[in-house]
Amino acid sequence: MFGSTTAFSGFSVDDIPAAKAFYADTLGLRVTEEHGMLTLHIDGGGDILVYPKENHTPATFTILNFPVDDIDKAVDGLAARGVSMTRYDGFPQDEKGISRGEGPLIAWFTDPAGNVLSVLQGS
């Protein structure tokens, strides 16, 4: 039924100006705004709609994963921009907040609305 159509993802936030500043200025993504909503333009990944929701509840799962070549460099860069890594029980995370256990090297952080994002290093 939808095999030949395009699709896009979306998620809510509680403060569009704060989200725009975070995604554009802190993360360096290309962001456009129209009709009170944002579009994140991800190279090679398409567009993602960010919409306001008055009774927003942050996602409790990772909504965006950013693959990086060097996770230490990415985490250091985020920290320099004031972003703190999130720590989870049951994951062996180092002093930077990077999980170096099973699976890919990964570190989680949140946007201003509390949605969970990650940087992960591929093999």
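**Rings, burial and a pocket**

Me: In this predicted model, a search of the whole structure turns up five aromatic pairs. Why is the pair of Tyr88 and Trp108 called edge-to-face?

Reply: Start with the ring centres, which are 5.2 Å apart, and the cut-off for a pair is 6.5 Å. Then take the planes: they stand at 90°, and over 60 degrees counts as edge-to-face. Both tests are passed, so edge-to-face is the label for Tyr88 and Trp108.

Me: What makes this a link between distant parts of the chain?

Reply: Tyr88 and Trp108 are 20 residues apart. Tyr88 sits in the loop between α2 (71–80) and β6 (105–110), whereas Trp108 belongs to strand β6.

Me: And is each of the two, Tyr88 and Trp108, buried or exposed?

Reply: They fall into separate classes. Trp108 has a relative accessible area of 9%, and buried means under 20%, so Trp108 is buried. Tyr88 comes out at 30%, which lies between the 20% and 50% limits, so Tyr88 is partly exposed.

Me: Which residues form one aromatic cluster?

Reply: That would be Phe11, Phe22 and Tyr23.

Me: Let's go to Ser118. Why does Ser118 count as buried?

Reply: Its relative accessibility is 0%, and the limit for buried is under 20%, so Ser118 qualifies. Ser118 is in strand β7 (residues 116–121). Beyond residues up to four places away in sequence, Ser118 touches Thr62, Leu64, Asn65, Phe66, Ile106, Ala107, Trp108 and Phe109. Trp108, from the edge-to-face pair, is on that list.

Me: What about the largest pocket: what is its volume?

Reply: About 340 Å³. It is lined by 14 residues, and the closest to its centre are Leu27, Phe66, Val68, Leu78 and Val119. Phe66 is also one of the residues that Ser118 touches.

Me: Which elements give two or more residues to that lining?

Reply: β5 (62–68) and α2 do. The largest share, four residues, comes from α2.

Me: How do you know what classes of residue line the largest pocket?

Reply: Sort the lining by class and you get nine nonpolar, three polar and two charged residues. For instance, Leu, Val and Phe count as nonpolar, so the five closest to the centre, Leu27, Phe66, Val68, Leu78 and Val119, are nonpolar.

Me: Helix α1 next. Why are Ala19 and Thr26 put in the buried class?

Reply: Ala19 lies in helix α1, and Thr26 lies in helix α1 (residues 16–26) too. Ala19 has a relative accessibility of 2%, so under the 20% limit Ala19 is buried. Thr26 has 18%, which is also under 20%, so Thr26 is buried. Setting aside sequence neighbours up to four places away, Ala19 touches Val13 and Leu38, while Thr26 is in contact with Ala21, Arg81 and Val83.

Me: Last one: why is Pro58 called partly exposed?

Reply: Its relative accessible area is 32%, between 20% and 50%, so partly exposed is the class for Pro58. Pro58 lies in the loop between β4 (46–52) and β5. Pro58 and Asn115 are 57 residues apart along the chain, and their C-alpha atoms are separated by 4.8 Å. Apart from neighbours within four places in sequence, Pro58 is in contact with Ala113, Gly114 and Asn115.

Technical notes. Residues numbered from 1 in each chain as written. Predicted model: local features only at pLDDT ≥ 70, side-chain atom pairs only at ≥ 80, totals over all residues. Heavy atoms only, no water. Phe/Tyr/Trp six-rings, centres within 6.5 Å; stacked < 30°, edge-to-face > 60°. Buried < 20%, exposed > 50% of the residue type's maximum accessible area, 1.4 Å probe, protein only. Contact = heavy atoms within 4.5 Å. 1 Å grid on protein atoms, 1.4 Å probe; cavity = no way out; pocket = protein on both sides within 12 Å on 5 of 7 lines; lining within 4 Å. Points joined across faces, edges and corners; volume = space filled by probe spheres on them.
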